[in-house]
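Here are my notes for a colleague opening this entry for the first time. Please keep the sequence and the 3D view side by side while reading.

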Amino acid sequence: MTIALLVSLFSTMGGVLGTYNQIQTALSLEGNNLYSSQSVDVDEKPSTIRDALEKAGANARVFRDLTNEGTVRAVMEFGRPSPLPLHSGRQLGSGGDRGALVGADVRVTTDKGRKSYVFEGVSYPVVGHLGLHTESLLSHAVLLKGAGLFDRDGKARMVVDGPDVADILHGLSATPATHDGGTDRRTNIDFVSPVLLGFGRALTVIGSIVTGLLAASYGRRLCAVRFQLGHQRVRILAASTARLLLGAAGPLLLVCGITLSLSPPVQSAGSILWNTLAPATLIVVSFVLASARTIWRKPSWA
């Protein structure tokens, strides 16, 4: 019972920390017009930028203004870039289908319950709504994805955003992007959040390891009994590990289900599962190593 509670605790901590990190990143993007501090300005052919990012396997986005006001932009995605701040719907993804992300105050058309944004006579299905809340800095913003938005001839000014994009586009006159009015430089993001995340992750790792060692100590007597009954060491270890997994399966499923149901659209299901299952995996690994050491090295079992 104690081990099950500890598995639930540290799995929950992993899920909460992951969600918190994603929300803080989304807040930073929302405050800086969807650009991160790694974004760069380029004046180049879209095909050249596309080829460079695909060759490098980058996780990046490419933005291009479609209006003078900059409220309507085309976007291309490569790999798995950081999720955009949404309060409903889903991310655009890197597929080839047309789609639109719109702010809460953007005028859209509705046909048979399906919302669309029309730009230059082309209809783009609305798949999500920008901003962590309906009243946000992105309430008038529009992002469009679709064939043809980047296929115009000649060079164009674009913003490329993602890890290491400055190095990937080195030689293409890429310069650090400057965007007026950014509000992402806030104390809770720049200073407090890294401290909280670092402390929380360290506590989760240490707690998971201690939980695994504690579970191994609880099962030591049962392992000794099985050895005295003539069971092989490998079978003893396998049976002990299976017993731990069965005991942790229920709490893990509960934690994963609750986390998936309560998490905002800024976090993918895969990320949620990874953050939740990572502590449990560490617990199992610690348990197996400690149990194996006990089973194979204990002198009275020789």
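Which side chain meets that of Glu77 in a salt bridge?

1. Glu77 and Arg61. The partner is Arg61, at 2.7 Å from N to O. A salt bridge here is a side-chain nitrogen of Lys or Arg within 4 Å of a carboxyl oxygen of Asp or Glu. Side chains of opposite charge can pair when their charged atoms come close. Glu77 sits in strand β3 and Arg61 in strand β2 (residues 60-65), so the pair links distant parts of the chain, 16 residues apart. Helices (H or I, at least four residues) and strands (E, at least two) are DSSP runs, numbered from the N terminus. Both Glu77 and Arg61 are buried. Buried means under 20% relative accessible area, exposed over 50%, and partly exposed in between (1.4 Å probe, protein chains only).

2. Basis of the model. This is a predicted model: local features need pLDDT of at least 70, side-chain atom pairs count only at pLDDT 80 or more, and totals for chains, interfaces and linings use all residues. Residues are numbered from 1 along each chain as its sequence is written, and side-chain values use heavy atoms, with hydrogens and water left out.

3. Asp41 and Arg157. A search of the whole structure gives 2 salt bridges. One of them joins Asp41 to Arg157, with the closest N and O atoms 3.0 Å apart. Asp41 belongs to strand β1 (residues 40-44) and Arg157 to strand β10 (residues 156-161), so this pair ties together parts 116 residues apart in sequence. Asp41 counts as buried because its relative accessibility is 13%. Arg157 is partly exposed, at 45%.

4. The largest nonpolar core. It has 28 residues. A nonpolar core is a set of buried Ala, Val, Leu, Ile, Met, Phe, Trp, Tyr and Cys residues joined through side-chain atoms within 4.5 Å. Ile49, Leu53, Val62, Tyr117, Leu144, Val160 and Leu169 have the most contacts inside this core. Strand β3 (residues 72-78) gives the most to it, with 4 residues. Look at Leu144. Leaving aside neighbours within four places in sequence, Leu144 is in contact (heavy atoms within 4.5 Å) with residues including Leu66, Val72, Val75, Tyr117, Phe119 and Leu149.

5. Leu84 is in the loop between β3 and β4 (86-89). Its relative accessible area is 0%, so Leu84 is buried. Leu84 and Leu143 are 59 residues apart in sequence and 11 Å apart in space, C-alpha to C-alpha.

6. Strand β8. Val126 has its place in strand β8 (residues 122-130). Val126 is buried, at 17% relative accessibility. Beyond its neighbours within four places in sequence, Val126 is in contact with Ala100, Val102, Val108, Lys115, Ser116 and Tyr117.

7. A nonpolar surface patch. Phe191, Val192, Val195 and Leu196 make a patch of about 360 Å². Such a patch joins nonpolar side chains (Val, Leu, Ile, Met, Phe, Trp, Tyr) within 5 Å, in residues with over 30% relative accessible area and no salt bridge; like charges are joined within 9 Å. Areas come from the Shrake-Rupley method with a 1.4 Å probe, and for residues only the protein chains shown count as cover. Phe191 is in helix α4 (residues 187-218). Phe191 counts as exposed because its relative accessibility is 57%.

8. Positive phi. Most residues other than glycine have a negative phi, and most peptide bonds are trans. Lys112 has a phi near 55 degrees, a positive value. Lys112 is in the loop between β6 (109-111) and β7 (114-119), and is exposed at 82% relative accessibility. Asp164 also has a positive phi, of about 65 degrees. Asp164 is in the loop between β10 and α3 (165-168), and is exposed at 51%.

9. Cysteines. How many disulfides are there? The count comes to 0, a disulfide being a pair of cysteine sulfur atoms within 2.5 Å. Cys223 is buried at 5% relative accessibility, and Cys256 is buried at 10%.
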